[in-house]
Amino acid sequence: MKNKNNTSLDIIRIIAALMVLFTHVGQTAGFEFSGSSGVTCFFILSGYLACVSLENCKDAKTYYKKRIVKIIPTYYTCLILLYVINLIIGVFVDKTYLYNCGYRFIRYFLFLHQLIPSDNYWVWSNSNALWTMSTFALFYLIAPYIKKYINNIYKAIGLTILFVVIAYFGKEPLATLLASIPNIDNPVQFVAFNPIINLWKFFIGFIIYYSFKNNKQLYLLAGCVLAIVASLVTGKALTRIPVFIYTILITLAIIWPNIIKNDKIVNFIGKFSKETFTLYLIHPMTILVVSMLLRNTDVVSNIPVYTICLVACSFIFTHFVYSFLITKFEKKLKKLIFK
């Protein structure tokens, strides 16, 4: 199942990134935008694309190499920038930010920040909204072995149900257990964002993948529509509706991969899509810096103008970092790994 040049999936990826961006911009600028479920869209899409990638790789080793080249340059560049920003702010603006530069920052480089609880959740587990990277890392680590045994849509559905049950029944007991341990901060949030609790969202991507392999995509679409209707009618599981919507959208995007025919627009979407991972990771620190620079100005009281400043700076900084740092890092790492 090839998946190259799918403009429809690129559009979904861009929309998901913008949803997350505007959620964080709203929190700073003073308006509410409920786009945090864009993260769920990324998880589902990543699950599907991992299956496609594994199908096109000769072995797990090749798959891991490709994942390293894709993730490490962007992620590590953002971590280094975050550390430098915290250091600069700590030295020249607010000394409390120096605490963020402690030795425990290494847990982010090792993807352990959302696996090991700490005494300061927002510094050592979810600084810069990086909680998802532990989940991505765990999923990509186990994906080749999962796909080896989950080889049809029925097994994929069973696996997803299993992890939904684990998430539903395991969240509260685990949070209670952690709360009983001294010096563990915000155990409820830590458990909610724990990789094990969120793996089921990736496995929905497996369901989508095997729905096409087993020619069941129409049944999948019908099931999602029925689930949405049932949630609306009964008023139950309303928070799960975005999951079904994203499943429908991704499935339709695979059915109709190139809905836009204008080459210039397709080219722009493709380039923008390549920078979405950078935007996803870079925008929180951009918002932090811009908000500090503008905090004593009249701009912060004007929500539309403040919003434009935050969004524009996020786009500009993302493009700069991607073009001048990450692409060069990727080329060198790719040459080193695949030599």
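Tutor: Let us begin with C78, which is buried, because its relative accessible area is 3% and buried means under 20% (exposed is over 50%, partly exposed in between, with a 1.4 Å probe and protein chains only). This is a predicted model, in which local features need pLDDT of at least 70 and side-chain atom pairs count only at pLDDT 80 or more, while totals for chains, interfaces and linings use all residues. Residues are numbered from 1 along each chain as its sequence is written, and side-chain values use heavy atoms, with hydrogens and water left out.

Student: Is C101 called buried or exposed, and why?

Tutor: C101 counts as buried, because its relative accessibility is 11%.

Student: What makes D10 and R13 a salt bridge?

Tutor: A salt bridge requires a side-chain nitrogen of Lys or Arg within 4 Å of a carboxyl oxygen of Asp or Glu. The closest N and O atoms of D10 and R13 are 2.8 Å apart, and the pair forms a salt bridge. D10 and R13 are 3 residues apart in helix α1 (residues 7-29), so about one helical turn separates them. Helices are DSSP runs of H or I with at least four residues, numbered from the N terminus. Both D10 and R13 are buried.

Student: How many salt bridges does the structure hold?

Tutor: The structure holds 3 salt bridges. One of them joins the side chains of K213 and E55, at 2.9 Å from N to O. This pair links distant parts of the chain, since K213 is in helix α9 and E55 in helix α2 (residues 38-56), 158 residues apart.

Student: Why is K213 called partly exposed?

Tutor: The relative accessibility of K213 is 44%, and K213 therefore counts as partly exposed. E55 counts as partly exposed because its value is 27%.

Student: What makes D119 and R104 a tie between parts of the chain?

Tutor: Their side chains meet in a salt bridge, 2.9 Å from N to O. D119 lies in the loop between α4 (106-109) and α5 (121-124), and R104 in the loop between α3 and α4, so the pair ties together parts 15 residues apart in sequence. D119 is partly exposed because its relative accessibility is 41%, and R104 is partly exposed because its value is 21%.

Student: What makes a group of residues a nonpolar core?

Tutor: A nonpolar core is a set of buried Ala, Val, Leu, Ile, Met, Phe, Trp, Tyr and Cys residues joined through side-chain atoms within 4.5 Å. The largest one here has 99 residues, and those with the most contacts inside it are Y75, M133, F139, F206 and I208. Helix α9 (residues 195-213) gives the largest share of this core, 12 residues. In soluble globular proteins, nonpolar side chains tend to be buried together.

Student: Which residues is F206 in contact with, beyond its neighbours within four places in sequence?

Tutor: Contact means heavy atoms within 4.5 Å. Among the partners of F206 are G47, Y48, C51, F139 and A156.

Student: Why is S291 called buried?

Tutor: S291 has a relative accessible area of 17%, and is therefore buried. S291 is found in helix α13 (residues 276-294). Leaving aside neighbours within four places in sequence, S291 is in contact with T28, Y306 and L310. The C-alpha atoms of S291 and L310 are separated by 7.8 Å, although the two residues are 19 residues apart along the chain.

Student: What makes N215 an exposed residue?

Tutor: The relative accessibility of N215 is 59%, so N215 counts as exposed. N215 is found in the loop between α9 and α10 (217-234), and has a positive phi of about 60° although it is not a glycine.

Conventions:
Helices (H or I, at least four residues) and strands (E, at least two) are DSSP runs, numbered from the N terminus.
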